[in-house]
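Here are my notes on the aromatic contacts, as promised. Have a look at the model first, then read on.

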Amino acid sequence: MNNLNIKLGTLILVFSLIVGGCKDLDEINDNPNGVSPSNANVNMLMPTVLVGVGQNILNLGYQDLAGVVQHTQKDGWNGGHNHYDWGLQDWSGWYGLLRTNQFMIQRAEETNSPFHKAVGLTMKSLIFGMITDLWGDAPYTKALQGSQPGLENQLPAFDSQEVIYRGIIEDLKAASVIFASANNASVIAQYDVYFGGNVTRWHKFANSLLLRYSMRLSEKIPALAKSGVEQVVSSGVYISDASEDVVMDFIGASAGDSWPTAASFDAGSNFRRLKPSTTLLNPMLENQDPRVRVWFREVHCQWVEDKTLSTATDPFIRRNGVLQQGTVSLTDDQYVAQIAAGNKFTRHYNPDLLGYKLDTRNYVGLPPGLVAPSEHNRNPTPGQTLENQHASQLADVYRQAKHALLKARIISASEVYFILAEAALKGYSAGNAESHYQNGIRASLKTWGVDNRFADFIAQPKVKFNGTIKQVIEQKWIASWTNAGEAWFDFRRTGFPELKPGPASPEPVLPVRFIYGGNEINFNNNEVTKAINRLEVTPYEGGRGANNQWSKTWITQGTNKPW
């Protein structure tokens with residue numbers, strides 16, 4: 001996407017705004033090559049915020065949070081992904097984006113650009129939403145005022161989640177009002193890397209986020225949730241087709257603007273560590289989900305049950321049925337090339353001699369939280385050197401730096417329809433729950449290019465609508481592939497899907513928050529301590545203190561969810 005080519009220029013601009021310039025150390029002068037904050041073009045501030053948010057959401061939803069919600073597991077370097085072995089986690093990147101975003105709002109007001117102000121309010125809501133969803137209480141009303149005098153601005157107090165969520169909803173409502181009457185006369189389209197200055201698309205984005213955060217409060221403040229959802233539904237302005245999904249493309253020129261596990265920049269190692277989790281893959285296979293082939297690759301080498309074998313497992317692989325003497329496994333590159341050439345690789349085993357059965361399917365996932373995940377399914381080459389030839393990898397598209405399917409997915413029509421289905425089941429005036437449920441599935445299949453399989457898929461006994469919120473959330477969980485953060489936030493408030501950690505997890509339940517980072521603990525200790533004291537310490541504290549990933553924030557306190 002050419003719009004991302006402006007990213008470097010934007011970063012240079014921001015640096016110029018911060019640093020400025022001078023001819024020597026004794027004299028302050030205007031920098032002829034810099035841009036004064038009073039003259040900054042508001043358009044040039046947009047990409048830093050939009051690109052940064054897209055990258056952050058993808059990095060969370062494709063990496064460790066995908067491990068939490070058991071979309072994927074890793075068979076190497078897996079502690080944070082499979083076992084939630086998390087340390088202090090800093091939020092400075094999010095607040096850095098908020099500072100640029102606040103400057104964009106300021107410049108929009110100074111230049112009389114309502115469109116850019118509404119964009120700023122929308123992105124402010126999304127970023128603060130991510131911060132409070134991930135950590136809990138956080139600086140909000142006193143945040144971003146470090147240039148003002150007074151300790152209350154230098155060391156801001158932490159607002160409660162309730163205050164932050166209420167503020168998010170009010171800002172989204174304000175943005176929606178502005179978008180309803182704003183025009184794009186002041187927009188330079190190439191700097192809007194989401195929509196190219198399309199006001200209607202931004203209006204739908206803001207209202208769709210309002211649906212998201214209203215539903216987030218459905219257990220804690222049900223009246224506010226209900227009114228927020230019904231307001232959007234009555235307006236009719238929200239994302240309603242996969243073509244309207246809020247996404248960010250990649251240009252693939254370098255590691256910084258490419259898909260995060262692109263083999264060309266990652267040497268393939270991080271890509272090969274990611275495996276589909278059996279928690280996700282098994283029900284998809286059972287229900288003949290057409291997205292399986294889009295997201296995952298068949299095993300390089302399939303196990304074949306063979307009771308004539310005189311040993312428990314054949315030490316060597318077979319190519320097209322012919323034993324390859326001395327060859328236990330090929331490298332990933334060799335497998336990919338030879339399979340593409342039409343070769344089929346298998347390996348035999350005798351279950352009577354082995355004492356248990358192996359997974360002989362074409363698609364094989366990795367169970368969550370294993371003690372030795374690289375050994376799964378009798379992998380003869382455990383460890384980091386070679387991939388597990390008897391477990392599936394992600395599809396080859398995820399090796400690439402860019403592709404039509406490789407997007408940072410921020411909010412989608414599928415998510416919106418599942419929200420509306422849940423709202424209808426809760427008794428909100430939100431339309432027909434079954435229609436919304438089916439539209440949510442249809443939109444996700446369209447996103448991944450397999451909507452021609454909708455009729456067959458929706459007819460599967462376990463996919464056919466049964467009128468339960470559990471089913472809605474489970475299908476929403478599948479559809480949140482590569483945006484696993486939303487699946488985690490849904491799991492926390494609903495308990496669905498009914499996810500359980502694996503045997504290597506330090507606690508028998510999944511984590512529910514990030515741990516406040518070292519910057520806050522070291523430099524704003526009094527305020528972060530107050531916030532920590534408002535956490536609900538659970539039986540899974542395990543000697544870690546209240547600031548741990550199993551302490552409950554306000555959003556789940558008193559709900560008995562997710563555990």
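Are Tyr-398 and Trp-481 buried or exposed?

1. Tyr-398 is buried, and Trp-481 is too (buried is under 20% relative accessible area, exposed over 50%, partly exposed in between, with a 1.4 Å probe and protein chains only). Keep in mind that this is a predicted model, where local features need pLDDT of at least 70, side-chain atom pairs count only at pLDDT 80 or more, and totals for chains, interfaces and linings use all residues. Residues are numbered from 1 along each chain as its sequence is written, and side-chain values use heavy atoms, with hydrogens and water left out.

2. Searching the whole structure turns up 36 aromatic pairs (Phe, Tyr and Trp rings, the six-membered one for Trp, with centres within 6.5 Å; planes under 30 degrees apart are stacked, over 60 edge-to-face, the rest tilted). One of them is Tyr-95 with Phe-128, edge-to-face at 6.0 Å centre to centre and 80° between the planes. Tyr-95 belongs to helix α5 (residues 92-110) and Phe-128 to helix α6 (residues 114-134), so this pair ties together parts 33 residues apart in sequence (helices are DSSP runs of H or I, at least four residues, strands of E, at least two, numbered from the N terminus). Both Tyr-95 and Phe-128 are buried.

3. Back to Tyr-398 and Trp-481: they pair edge-to-face, 6.2 Å centre to centre with 75° between the planes.

4. For charges over rings (NZ of Lys or CZ of Arg within 6 Å of the ring centre and within 35 degrees of the ring normal), Arg-513 lies over the face of Tyr-516, 4.8 Å from the ring centre. Tyr-516 also belongs to an aromatic cluster that includes Tyr-95 and Phe-128.
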